[in-house]
Amino acid sequence: MNLKEALIPKLSVKEKPFAPKAFDSFGNVALIEIPKELSNKKKLIGETLIELNPRFETVCSIESNHEGKYRVQKVKVIAGKKQKVAFYKESACSFFVPLGEVFFSPRLGGERLRISNLIKEGEIVGAWFSGVAPYPVVFAKHSKMKKAVAIELNPVAHKYAKKNIELNKVNKDCKKGEERVVLIKGDVKKQSKKFKNYFDRIAMPLPHTGYQFLKEAFYSIKNGGIIHFYEIVHKGDYGIVEKQIRGEAKKAKKKIEIIYKAKVRDFSPTKEQVVFDILVK
C-alpha cells in the first residue's frame with residue numbers, strides 16, 4: 001500500500017483527490033509537499049507515512065519554495081521526533097543533512113555515481129556549489145581522481161561538509177596538502193579566479209541560476225575537460241539552455257561539444273532538471 005492508498009479512507013470526499021503519494025527519503029527523515037487543501041491534515045499525513053515506513057523517525061513538510069542566496073526552503077516537523085538533521089546513505093557513503101538549512105537532493109544520487117564512473121585516474125575535479133559534500137565524497141569513494149576542490153558559500157552547508165568528510169574518511173591517511181577532498185567556503189565567482197585552466201572536470205549542480213557561472217567554468221576548465229552543467233527547463237525544451245551554453249562559450253573563446261544531455265529528475269508537473277555534459281576542446 002502506498003501513501004495515497006493509505007490516506008484515502010482517512011479523508012473526506014472533498015479531500016480524497018488531493019491525497020499525496022510522492023515524498024523524498026533522507027534516510028531516517030521523510031520530506032513531503034502537502035497540498036494547501038490538506039493543510040489541516042499534516043499531522044495525519046505524517047503519522048500515516050511513519051506507519052507505512054517504520055524506518056522514518058521524522059516526517060517534515062515543505063513550507064516554502066527554494067529561496068534566498070543559499071537556495072534553501074523552510075521545512076516543518078509534522079510527525080515523529082523533533083529533529084531536522086537527517087542521516088542519509090547513498091552509494092556506500094553517509095551524510096548528515098540539516099533539512100531547511102542547505103540545498104540537497106537525494107534524486108541526484110544517480111548523477112553523482114554516473115559522474116564518478118566517468119572520472120579518469122588522476123583527474124582534478126571541481127565540485128562547485130558542493131553543499132554538504134555529496135558530490136566530492138561520492139567521487140572520492142568511487143573514482144581514482146587525484147582530488148576534488150569543493151566550493152560552497154552557505155556556512156551551514158560548509159560546516160556539515162566538514163562533518164561528512166570526516167564521517168566518510170575520504171582524507172584519512174592523506175598527508176597535509178595532499179587531501180583528496182579540499183573544502184573551500186566562499187563564492188564560486190571569486191574562488192574560481194584562483195583556478196585558471198585547472199580542472200579536468202567540473203560538476204555544477206546549481207538549480208535555476210547555474211548559467212550565471214558558465215563564464216567561471218570556462219575560465220577554470222582545461223582544454224579537453226568536461227563541465228557537467230545542470231538547469232531547470234520546461235519538459236523536453238533544451239533549446240534555450242543550449243543557446244546559453246554556446247553563447248557563453250563563444251564569449252570565452254572556447255570550442256565546445258555537448259556530448260550528453262538528459263533529464264535527471266522531475267522538478268514540477270511542467271518542469272524538469274536536466275544535465276548537459278560539455279566537452280571543452
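## A nonpolar surface patch

Patches are made of residues with over 30% relative accessible area and no salt bridge, where like charges are joined within 9 Å and nonpolar side chains (Val, Leu, Ile, Met, Phe, Trp, Tyr) within 5 Å. In this predicted model, local features need pLDDT of at least 70 and side-chain atom pairs count only at pLDDT 80 or more, while totals for chains, interfaces and linings use all residues. Residues are numbered from 1 along each chain as its sequence is written, and side-chain values use heavy atoms, with hydrogens and water left out.

One nonpolar patch on the surface consists of Val85, Phe87, Phe96 and Leu167, which together have about 270 Å² of accessible area (Shrake-Rupley method, 1.4 Å probe, with only the protein chains shown counting as cover for residues). Leucine 167 belongs to helix H5, residues 155-168 (helices, H or I, of at least four residues and strands, E, of at least two are DSSP runs, numbered from the N terminus). Leucine 167 counts as partly exposed because its relative accessibility is 34% (buried means under 20% relative accessible area, exposed over 50%, partly exposed in between, with a 1.4 Å probe and protein chains only).

## Strand S13 and its partners

Strand S13 (residues 271-280) runs antiparallel to strand S12 (residues 256-266), and nine bridges join them (two strands pair if DSSP finds at least two bridges between them). A hairpin of four residues connects S12 to S13. Tyrosine 260 stands opposite aspartate 277 of S13, and aspartate 266 has glutamate 272 of S13 as its bridge partner.

Strand S11 (residues 221-234) also pairs with S13 in the antiparallel sense, over nine bridges. Phenylalanine 229 is bridged to phenylalanine 276 in S13. S13 is mostly covered, with eight of its ten residues buried.

## Salt bridges

The whole structure holds 17 salt bridges (a side-chain nitrogen of Lys or Arg within 4 Å of a carboxyl oxygen of Asp or Glu). One of them joins the side chains of arginine 112 and glutamate 90, at 2.8 Å from N to O. This pair links distant parts of the chain, with arginine 112 in helix H3 (residues 109-118) and glutamate 90 in strand S5 (residues 85-90), 22 residues apart. Both arginine 112 and glutamate 90 are buried.

Glutamate 248 and lysine 251 form a salt bridge whose closest N and O atoms are 3.5 Å apart. Both lie in helix H8 (residues 239-251), three residues apart, or about one turn of the helix. Glutamate 248 counts as buried because its relative accessibility is 19%, whereas lysine 251 is exposed, with a relative accessible area of 64%. Another salt bridge, at 3.5 Å from N to O, brings together the side chains of glutamate 257 and lysine 281. Here too the pair links distant parts of the chain: glutamate 257 is in strand S12 and lysine 281 in the segment after S13, 24 residues apart. Glutamate 257 is partly exposed, at 36% relative accessible area. A network of salt bridges links Glu111, Arg114 and Asp277.

## The largest pocket

The largest pocket has a volume of about 860 Å³. Of the 32 residues that line the largest pocket, Asp24, Glu33, Ile62, Arg107 and Phe267 are the closest to its centre. Strands S1 (24-26), S2 (29-32), S6 (93-98) and S12 each supply at least two residues of this lining.

A pocket is found on a 1 Å grid over the protein atoms alone, as an open set of points where a 1.4 Å probe fits, with protein on both sides within 12 Å along at least five of seven lines; lining residues have an atom within 4 Å of a point. Grid points are joined across faces, edges and corners, and the volume is the space filled by probe spheres set on the points.
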